[in-house]
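Subject: Structure for your files

Dear colleague,

Here is the structure I promised to pass on. My notes on it follow below.

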Amino acid sequence: MNLSIDILSGAGRKTAAAILVTYQTNKGSRPIRFLLDAGGALEVGEDKGWTQPDHLDAIFISHDHQDHMGGLIDIDNKVPVYATAPVQQHLPAHLNLHSLPICGTTNVSGITVTTGSAGHSFGGVWLHLDIGDGVFYSGDFSLESGLYPFTMPPQANIALLDASYGLYDNSLEQCKNALLHYLKDDRPLLMPVPQTGRALEMACWLTSQGFYDWTLGEDCIAPETVLAGPENSVCAEIRSVLKRMKSQPFNPDAKVVLCGDPDGMSGDAAYLLQQTERYLPVYTGHLPEHARQAVSEDRAHFERWNVHPRKQDLKRLVDHLECRICVPLFHTIKDLKEWQKALGPSVTADSYIELECIELDYDLTV
Ligand SMILES: [Zn+2]
């Protein structure tokens, strides 16, 4: 058995995700090559930083955010691309698409691929490959979402984990309290948000607080869509709140305006951000350059709404997986010892991992 994991992009900083897994059962056999995610650049004009590897057997897409699927535009239509039904809705039309369950197993090129809900976006999943005592890739994940459930995965020898927030450890409850403070401002809040991620999650939270004066951009996922989607794509407890939320036409006069894109670079958010006197812009996720500038000049605010794991969530998952190798992704690792102290000795900053089991050369016929 020979297994290698080559993090083409996604190690050491917040950037496009693309991980090449090569697996060979024995020396003479054809290697199986899977690509986990095919991310695009986060900043406009930036190169995605990786190219399509040769001889791919399959590409698996964890969820429909730009940094995990934006590179699919450059993928030829011969490679099978696997994604869940809700995610497929947002992928380029030219692809050779195949289905993944939100929770379940799929056999691809003789390898069992297990998927489970990642708690981050509608239809978003983690991936577990049954090779080399288990390879787990979290995609983006959260253990705190009130809308999207997180399913605990099987154990794995190697864990490739979303660590977008580094060792940050504030709870989502703290974020929510901070946001309530901004509701006291005279101006409506303009919140640029991912259309399939936290847009609806925030609307659910506001509704569950008895606050109904919010609006969702028309390209944001609607309560009815989530309710009509696969049963296990939504937390059971939130269904009654979703049923109370009727989709209304987009209303830019609402007190809380939730709309895409999350960077404020296109769509409703970009258009409304031009009306600088009208709104108080509040960013809750990745800050592109123009947003960083606005926050530093006090023209906008930033309050993180957790959609990635905190330190304690990473620790919980590492302990659960019982992994021997753990690679934190999408964040700089300046001090490896600090990470190992937080998460355990399995943490490595390597972007290339190779496991080899030596085949003993016995002649069993003697
Ligand atoms: Zn994401």
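Domain bounds, as used here, come from an automatic or database domain assignment. On that basis the protein chain splits into domain 1 (2-167 + 308-356) and domain 2 (172-302). The C-alpha centres of domain 1 and domain 2 are 27 Å apart. To the contact between them, domain 1 contributes 19 residues and domain 2 contributes 24 residues, where contact means heavy atoms within 4.5 Å.

Please note that this is a predicted model, in which local features need pLDDT of at least 70 and side-chain atom pairs count only at pLDDT 80 or more, while totals for chains, interfaces and linings use all residues. Residues are numbered from 1 along each chain as its sequence is written, and side-chain values use heavy atoms, with hydrogens and water left out.

The domain interface

The size of an interface is often given as the accessible area lost when the parts come together. Between domain 1 and domain 2 the buried area is about 1700 Å², with 61% of it from carbon and sulfur atoms; buried area here is the accessible area (1.4 Å probe) that two parts lose on being put together, summed over both. Seven residue pairs are in polar contact across this interface, both residues at pLDDT 80 or more. A polar contact is a pair of N or O atoms within 3.5 Å; within protein, one must be able to donate a hydrogen and the other to accept it, and residues adjacent in sequence count only if both atoms are side-chain atoms. The rule finds zero salt bridges between domain 1 and domain 2, a salt bridge being a side-chain nitrogen of Lys or Arg within 4 Å of a carboxyl oxygen of Asp or Glu.

The sheets

Helices (H or I, at least four residues) and strands (E, at least two) are DSSP runs, numbered from the N terminus. Two strands pair if DSSP finds at least two bridges between them.

Strand β5 (residues 80-84) runs parallel to β6 and is joined to it by five bridges. Alanine 83 is opposite serine 99 in β6.

A further open sheet has five strands, ordered β13-β14-β12-β15-β16, with parallel pairing. Its edge strands, β13 (214-216) and β16 (301-302), each pair on one side only. Two bridges connect β12 (residues 189-192) and β15 (residues 280-283) in the parallel sense, and leucine 189 is opposite leucine 280 in β15. Helix α3 (residues 172-182) packs on this sheet and touches β12, β15 and β16, its direction making about 175 degrees with that of β15. Helix α4 (residues 198-208) also packs on the sheet, touching β12, β13 and β14 (256-259), at about 155 degrees to the direction of β13.

Individual residues

The salt-bridge count comes to 12. Glutamate 144 forms a salt bridge with arginine 310, their closest N and O atoms being 3.3 Å apart. Glycine 260 to aspartate 261 is a cis peptide bond, with omega near 5 degrees.

Regards

Notes: Axes are lines fitted to C-alpha atoms, for helices over the stretch in contact, and angles run from 0 to 180 degrees between N-to-C directions.
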